[in-house]
Amino acid sequence: MAQSPATRFQYYRDQKSGLIQYRTPLPTDWLMHQDPNAPYFITGPHGLKVSKPKMEEYGYSQDPFTLQSLQMTGKPISPVYSLEQILEQHLKPSAQSQGYTFIQAYPLPKVQAFWDKFAAGMLQTGTRWQYQVMGSEWKDAAGNHSLMVQLQSISQQGATVLWSLTTTELEAPSKYFEEAKNAYLEGLERTELNPQWQEYMNGKLMGQIRESNAFWAQKSAESAQAHQQRMAAINARGQATRSLGNTFSEILDINHSGYLNRSNMVDAGHANTINMIGQQTIISNSGTGERYKVEDNSRYYWVNKKGEYIGTNNPLFDPRIDNRINGEGWEPFEIQKTR
């Protein structure tokens, strides 16, 4: 497709690798901000602004052993919800409570096609990838309109399911909204990845897979007794899940330069969505001031030096006197806030 004279490619550089990550055709009077401290990702005339993408990840498995490994990584646990369910059950109530009026929602198959192509270029490790992209339109009392784009990515390997929800928002006055919306969506559809960057990320993923495999082999060799082998397996699988999950985050979140303040709608609405999906709670340590967001399914929590946690409903359970795991530096944490 020939590039319109009214647009120009703007390039985004990955802050970690230093490589150009992708290029997107945008109107010539729009600006894609490279500074990670910029309040918005894209700005333009007439007060147009596009928020920085915000992504949250979840893990799930129907296999109890795999689910326990995921829980040890500290990743929020939730079964996969469709974008339609998230819109109806979480996003609409949250946004409407803030004074936003829902207009319409629709799938974005051409944007989804970009992500399908992206997955095809990833390192083939036996993981099955699936993407869904949906747009929803809103308006506020001041007459401004918003387009929220939600990308859902689902990866499954064996019994492990990792899925994420990435949200961005375009805001513009009503008179300029249709033009801005169409230009933005066309830019998303025609975004081009840098093959060199994707090759770099594939190499990084391969390195982490090798580290995970080496970790598993070492722990298995060190374990002589049955209960030690079991704990090594749990730890190894948790380490593998954590390594793959970290790379999954970096690869999937195409604009992972950090997230600052965004619009009230997305900031509060998305946070509300995340907490409701994962049913999370805040636990804290009064001595150190540390706070973590964890799965809300227990009355008592213990956290070790690695940031892994154990939730239990047994007030007498103490991992510090469990010979299998008592060397992990466990400390008790109290529930600060529940949902």
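This is a predicted model: local features need pLDDT of at least 70, side-chain atom pairs count only at pLDDT 80 or more; totals for chains, interfaces and linings use all residues.

1. Residues are numbered from 1 along each chain as its sequence is written, and side-chain values use heavy atoms, with hydrogens and water left out.

2. A salt bridge here is a side-chain nitrogen of Lys or Arg within 4 Å of a carboxyl oxygen of Asp or Glu. The count by this rule is five.

3. One of them pairs Lys 181 with Glu 137, at 2.9 Å from N to O. Lys 181 belongs to helix α4 (residues 174–189) and Glu 137 to strand β8 (residues 128–139), so the bridge ties together parts 44 residues apart in sequence. Helices (H or I, at least four residues) and strands (E, at least two) are DSSP runs numbered from the N terminus. Both Lys 181 and Glu 137 are buried; buried means under 20% relative accessible area, exposed over 50% and partly exposed in between (1.4 Å probe, protein chains only).

4. Lys 181 also bridges to Glu 178, at 3.2 Å from N to O. These two residues lie three apart in helix α4, about one turn. Lys 181 has 8% relative accessibility, whereas Glu 178, at 42%, counts as partly exposed.

5. Arg 190 and Glu 186 form a salt bridge, with their closest N and O atoms 3.1 Å apart. Arg 190 is buried at 14%; Glu 186 is partly exposed at 32%. Shared partners join Glu 137, Glu 178 and Lys 181 into one salt-bridge network.
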